[in-house]
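Please find below my notes on this entry.

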Amino acid sequence: MNRRIAINTGGGDAPGLNAVIRAVALSALNRGWEVFGIRQGYEGLLESEPGGVIALDRDAVRGIGHLGGTILGTTNRGDPFRYPMLQNGQRVPSDVSGKIVERFRELGFDGLVALGGDGSMSIAHRLMQRGLPRVIGVPKTIDNDLKGTNVTFGFATAVETTTEALDRLHSTAQAHRRVMVVEVMGRHAGWIALHAGIAGGADVILIPEIPYRLDRVCEKIEERYKRRRDFAIVVVSEGAKEQGGEETYKAGKDAFKEHAILGGIGERLARQIEGVSGCEARSVVLGHLQRGGSPGAFDRLLAQRLGSAAVRYLAETEQSGMVAVQAGAITLIPMEQVTGGTRGVEVHSDTVETARDVGICFGDEPVGTFLNRIVAHASG
Ligand code: F6P
């Protein structure tokens with residue numbers, strides 16, 4: 001059956017978006033289908049001028065698999081249910097979902113491959129309830145915090161970039177006998193901090209899932225200085241918080257997303273560490289460097305596996321859902337399993353225990369054995 005499908009990319013960009021676009025386009029074109037890209041999330045469907053929706057033929061996707069960003073553009077302020085429409089010089093959140101569904105149908109599309117994180121999946125799910133024919137979601141985010149899948153594309157490259165930064169920061173920390181506090185992305189999940197922190201030989205890793213105590217962090221640093229290891233690397237996730245404390249937000253709100261932006265914990269922590277331990281400290285915010293650049297080999301492969309699986313599900317089933325990696329294999333899961341909440345780090349996982357075993361401090365006081373901790377965690 002000849003199909004006509006559309007692809008869009010929503011939310012923050014992540015390395016691997018173009019590799020998915022190429023894999024979806026080629027897998028579909030090789031089946032004789034027509035493929036189109038919607039620009040800037042769903043915005044392209046709202047534009048009256050041509051150009052909001054572009055044909056993705058072989059030429060359009062040639063040579064893009066290794067490129068960062070997305071040839072379609074993306075936005076994390078394009079929720080069609082709260083779309084910022086300009087009214088009397090002010091942006092007013094408006095529901096344009098009806099227009100999106102109407103335009104999608106007008107263009108004769110039978111299905112959408114939506115590349116995004118939890119926000120994009122929940123939007124796609126709601127649009128289906130409004131009448132969008134079929135959606136196959138593809139899990140994207142450097143944060144790795146999507147429910148229902150063991151991994152998202154973009155994460156491995158972000159971990160690689162962060163690890164490289166930690167390697168570089170080691171030498172300057174050592175040269176100046178300083179504490180380097182490195183703030184990394186991840187929203188309310190500590191995946192990037194945990195994985196890059198272990199890979200990059202951090203002394204302290206602070207993640208949202210394990211609220212920390214400042215005195216424990218400083219003890220660890222002081223103990224290193226006593227052993228004449230006169231520097232320390234602290235990796236802190238942007239969403240980490242002290243025990244009994246709150247997350248740290250930047251001043252002011254994001255005018256488009258209407259909510260506060262995480263950030264600032266790195267500098268605050270550096271000042272606190274200096275105050276308590278007397279060790280000179282500097283902070284570095286890696287920020288959007290973690291999202292930019294070419295995807296690594298792992299993400300290029302994962303992106304293509306997910307993209308072509310999305311087309312296979314469109315071709316061979318009538319189902320909608322999100323392609324997900326479970327126990328190493330790709331499967332299709334219902335959107336309901338993805339929306340409503342995110343997936344944090346398992347605090348009793350072997351990865352966390354590995355970090356503890358090699359002496360990395362989480363700023364907490366782990367009690368008992370690994371097996372005790374699993375039981376304590378399971379009983380809440
Ligand atoms: O979800 C990806 C992410 O990079 C988060 O880690 C971070 O908190 C957020 O997006 C930043 O988004 P923005 O593009 O609005 O700066």
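The points below refer to a predicted model.

1. Domain layout. The chain is divided into domain 1 (4-153 + 295-337) and domain 2 (159-291 + 346-379). Taken over C-alpha atoms, the centres of the two domains are separated by 33 Å.

2. Ligand position. Both domain 1 and domain 2 give residues to the shell around the ligand, so the ligand lies between them. The shell holds 10 residues, and the closest are Asp-143, Met-185, Glu-238, His-288 and Arg-291. By class, five residues of the shell are charged, three are polar and two are nonpolar.

3. Polar atoms at the ligand. His-288 places a polar side-chain atom 2.8 Å from an oxygen atom of the ligand. For Arg-291, a polar side-chain atom also lies 2.8 Å from a ligand oxygen atom.

4. Domain interface, extent. Contact involves 14 residues of domain 1 and 11 residues of domain 2. About 1200 Å² is buried between the domains, with carbon and sulfur atoms giving 49% of that area. Of the area that domain 1 buries against domain 2, 40% is supplied by Arg-77, Ile-142 and Asp-143, more than by any other three residues.

5. Domain interface, polar pairs. Four salt bridges are counted between domain 1 and domain 2, along with six residue pairs in polar contact. The side of domain 1 that touches domain 2 has seven charged, three polar and four nonpolar residues. Asp-145 forms a salt bridge with Arg-187, where the closest N and O atoms are 2.7 Å apart.

Notes: Residues are numbered from 1 along each chain as its sequence is written. This is a predicted model: local features need pLDDT of at least 70, side-chain atom pairs count only at pLDDT 80 or more; totals for chains, interfaces and linings use all residues. Side-chain values use heavy atoms; hydrogens and water are left out. A residue is near a molecule or strand if one of its heavy atoms lies within 4 Å of it. A polar contact is a pair of N or O atoms within 3.5 Å; within protein, one must be able to donate a hydrogen and the other to accept it, and residues adjacent in sequence count only if both atoms are side-chain atoms. Ala, Val, Leu, Ile, Met, Phe, Trp, Tyr, Cys and Pro count as nonpolar, Asp, Glu, Lys and Arg as charged, and the others, Gly among them, as polar. Domain bounds come from an automatic or database domain assignment. Contact means heavy atoms within 4.5 Å. Buried area is the accessible area (1.4 Å probe) that two parts lose on being put together, summed over both. A salt bridge is a side-chain nitrogen of Lys or Arg within 4 Å of a carboxyl oxygen of Asp or Glu.
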